[in-house]
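Let me put the next model on the screen.

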Amino acid sequence: MTDCFEFLEKLAVEKENREGNRNDLFQKWIQLKSVRDKLLTKLDHLDRTENDLDKEIETELKDQGIESQGVHNQEIRERHQYLQDLLSVYRITGTHVCHEDKHQFTVCLDAAYYDTVVDSCLIEFKARENSYIINRHSLPEFIPTLRLEKEHLPHGDLSTFLSVIKNYLQAFVFKKEEVEKVKKFATENGLSCSAQYTSSYDFVEVELENPNQVYRIKLVYGLMNVLPVKVQIEEDSETQQDIKQWKSVLLSKPLYDSFSQIVKDILD
């Protein structure tokens, strides 16, 4: 298991060296998670559901008489721990099968803000010969699910389909949580802060207000981006700030990191 994550770290370094844009670090992180998801699907037992793994643990313990005899067999305990670790790895990928029968199965996609899962969506697939179709799903409307289904599922490319969908979800959740974090941070530092945004968070407008100072910061995002592609700042202030520097920061850092600096500049 350790070797697996060492390999992922190596992938991260190689990916960073290959790509010219080093600013969008969190977008690279999202892409790396997608690579990790594909890698983990190749591990032994990983195509099983969580329930299957749990049952295997219980069955192995019962077969060895652990429950009835209280035997402390080191080999079995190590096997038990291996399965538990594997189950944990399965869960942290953010993609797992939560139900399946003969011809259909349901995949759960978890979207996390750093190490906390804050949203989940379900997709029910029906398997056909070398292809899949979607029976139903709970994905947000802004994700082009139908287009992606037509592009990938007729060819049986379920892995790429789920990877792309996961990127949309991950970017959405990250921006949503960053906006809430910015509002809380600004308020705690004595500024009046309000935010308006679209349902997909591809447009966000944050207004910061202090006595004699009002700043309206508008940000435009791609649906799969966690950094804005366009920034506009409107200033109504007796004290002129370095707006050009703010724009540069907003385009190169996540929202909370950017606003931490902006709030500090306003208060200084």
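Which residues in α7 meet which residues in α9? From α7 they are E178, V179, K181, V182, F185 and A186, and from α9 they are L255, Y256, F259, S260 and V263, where contact means heavy atoms within 4.5 Å. By class, that contact has 8 nonpolar, 1 polar and 2 charged residues.

Before I go on, the model is predicted: local features need pLDDT of at least 70, side-chain atom pairs count only at pLDDT 80 or more, and totals for chains, interfaces and linings use all residues. Residues are numbered from 1 along each chain as its sequence is written, and side-chain values use heavy atoms, with hydrogens and water left out.

Helix α7 covers residues 158-188 and helix α9 residues 255-267; they pack at an angle of about 20°, with their axes 9 Å apart. That makes α7 roughly parallel to α9, the term for angles under 35 degrees.

Now the rings. Rings of Phe, Tyr and Trp (its six-membered ring) pair if their centres lie within 6.5 Å; planes under 30 degrees apart count as stacked, over 60 as edge-to-face and the rest as tilted. By this rule there are 11 aromatic pairs. F105 and F125 have ring centres 5.4 Å apart and planes at 25°, so the pair is stacked. F105 lies in strand β2 (residues 104-113) and F125 in strand β3 (residues 116-128), so the pair ties together parts 20 residues apart in sequence. F105 is buried at 15% relative accessible area, buried meaning under 20%. F125 is buried too, at 0%. Ring pairs link F105, F125, Y132 and F161 into a cluster.

Notes:
Axes are lines fitted to C-alpha atoms, for helices over the stretch in contact, and angles run from 0 to 180 degrees between N-to-C directions. Helices (H or I, at least four residues) and strands (E, at least two) are DSSP runs, numbered from the N terminus. Angles under 35 degrees count as roughly parallel, over 145 as roughly antiparallel, 65 to 115 as roughly perpendicular and the rest as oblique. Ala, Val, Leu, Ile, Met, Phe, Trp, Tyr, Cys and Pro count as nonpolar, Asp, Glu, Lys and Arg as charged, and the others, Gly among them, as polar. Buried means under 20% relative accessible area, exposed over 50%, partly exposed in between (1.4 Å probe, protein chains only).
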